[in-house]
Amino acid sequence: MSESTNFKRHRRLRSSLAMRSMVRETHLRAEDFIYPMFVVEGENVKNEVPSMPGVYQLSFDLLLDEVREVYELGIRSVIFFGVILDKDEIGTGAFAEDGIIQEATRLVKNEFPELLVVADTCLCEYTSHGHCGVIHNHDVDNDESLKLLAKTAVSQAKAGADIIAPSNMMDGFVAVIRNALDEAGFSHIPIMSYAVKYASAFYGPFRDAADSTPQFGDRKTYQMDPANRLEALREAESDVAEGADFLIVKPAMSYLDIVREVRDNFNVPVVAYNVSGEYAMVKAAAQNGWIDEKALVMEKLTSMKRAGADLIISYYAKDVANWLKENE
Ligand code: PBG
């Protein structure tokens with residue numbers, strides 16, 4: 001082809017592995033990940049979540065082994081979810097000083113002081129009805145729930161949690177939690193707000209894992225309509241104004257447009273939550289031999305960072321850290 005032919009040769013920059021690595025714009029690092037873990041009561045319990053192969057409910061003793069593995073892989077943060085049998089109307093287990101998350105946090109921080117423990121601050125795993133707050137007249141009572149959420153956050157900070165991540169989508173949760181943390185002497189503890197959380201069918205497997213399916217109705221009066229974009233910006237805006245230090249967008253895969261908009265409009269770290277249903281779909285296809293799991297997962301998670309996520313909460317974190325090590 002003559003030199004004068006007028007078109008661009010984009011393939012020049014794709015000609016070899018070294019060339020492609022040189023011009024690569026987005027990278028995954030083990031430190032980008034927060035690994036979610038389900039904690040159960042008892043001893044020597046390791047229940048695989050049926051819809052999430054490779055993900056387990058773990059009792060304290062086995063939790064420590066798993067955390068060690070995570071830490072040795074270079075992952076620097078975990079988020080805990082508690083699974084308990086003894087639930088009540090107001091979710092007392094969420095804010096008990098010796099609650100499951102509080103105890104797990106103490107244990108893990110004692111062994112791994114450098115690891116960042118993120119506490120999911122919600123009531124749904126602890127209420128008998130499975131909703132994320134207190135029920136009055138068949139709906140969640142916003143302001144009553146806030147009081148319990150604030151208590152939960154303070155009890156988690158007391159137990160040593162490094163980051164408080166409120167996820168129940170009550171209005172004002174960041175303001176109320178910030179205030180409660182400050183008053184209790186935890187002004188140094190950041191809030192990672194589930195600011196933009198959609199009412200999503202992608203949470204199904206999580207609700208099995210955490211035993212938190214609502215016993216009546218759904219979460220549509222507090223979680224967002226998947227059809228909405230401006231509402232996401234309003235949610236993010238008020239949470240930042242109330243003092244959120246990080247913003248979570250959840251789910252991730254079908255909401256990358258929202259991740260990008262939140263990244264472009266706010267100047268705090270943005271976290272994409274690659275949720276349980278996203279994990280389950282990929283696992284199922286992989287187990288059937290229908291897709292190349294490693295290639296697909298790396299592509300999918302890279303796309304979240306490309307969309308603007310600074311951090312990713314993912315059940316695939318351990319696998320990614322392993323794959324990154326293989327490539328070193
Ligand atoms: C609520 C909470 C949920 C998830 C994380 N925190 C579930 C829900 O809203 O029903 C879902 C995470 C996932 O699907 O991986 N405390």
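Tutor: Please bear in mind that this is a predicted model. Helix α11 (residues 293-306) packs with helix α12 (residues 317-327) at an angle of about 105°, and their axes are 11 Å apart.

Student: Why are α11 and α12 called roughly perpendicular to each other?

Tutor: The term applies to angles of 65 to 115 degrees. The angle here is about 105°, and α11 and α12 are therefore roughly perpendicular.

Student: How do you know that the span of helix α4 agrees with its number of residues?

Tutor: Helix α4 (residues 100-111) has 12 residues, which at 1.5 Å a residue should span 16 Å; the end C-alpha atoms are 17 Å apart, so the two values agree. Its buried residues are Ile100, Ile101, Gln102, Ala104, Thr105 and Val108. Among the elements that cover them are β1 (33-40), α2 (60-72) and β4 (77-83).

Student: Why is Asp211 called partly exposed?

Tutor: Buried requires 20 or more such atoms, and exposed 12 or fewer. Asp211 has 19 other C-beta atoms within 10 Å, so the term is partly exposed. Its place is the loop between α7 (204-210) and α8.

Student: What makes the phi values of Asn44 and Asp211 worth noting?

Tutor: Most residues other than glycine have a negative phi. Phi is positive at Asn44, near 55°, and also at Asp211, near 50°.

Student: Which peptide bond is cis, and what is its omega?

Tutor: The bond from Lys250 to Pro251 is cis, with omega near -10°. Pro251 is in the loop between β10 (246-250) and α9 (256-265).

Student: Finally, which residues surround the ligand, and how does that shell divide?

Tutor: Asp120, Cys122, Cys124, Ser167, Tyr203, Phe206, Arg207, Ser212, Arg219, Val275 and Ser276 surround the ligand. The shell comprises 5 nonpolar, 3 polar and 3 charged residues.

Note on methods: Residues are numbered from 1 along each chain as its sequence is written. This is a predicted model: local features need pLDDT of at least 70, side-chain atom pairs count only at pLDDT 80 or more; totals for chains, interfaces and linings use all residues. A residue is near a molecule or strand if its C-beta atom, placed from the backbone, lies within 6 Å of it. Ala, Val, Leu, Ile, Met, Phe, Trp, Tyr, Cys and Pro count as nonpolar, Asp, Glu, Lys and Arg as charged, and the others, Gly among them, as polar. Helices (H or I, at least four residues) and strands (E, at least two) are DSSP runs, numbered from the N terminus. The expected span of a helix is 1.5 Å times one less than its number of residues. Two residues are in contact if their C-beta atoms, placed from the backbone, lie within 7 Å. Axes are lines fitted to C-alpha atoms, for helices over the stretch in contact, and angles run from 0 to 180 degrees between N-to-C directions. Angles under 35 degrees count as roughly parallel, over 145 as roughly antiparallel, 65 to 115 as roughly perpendicular and the rest as oblique.
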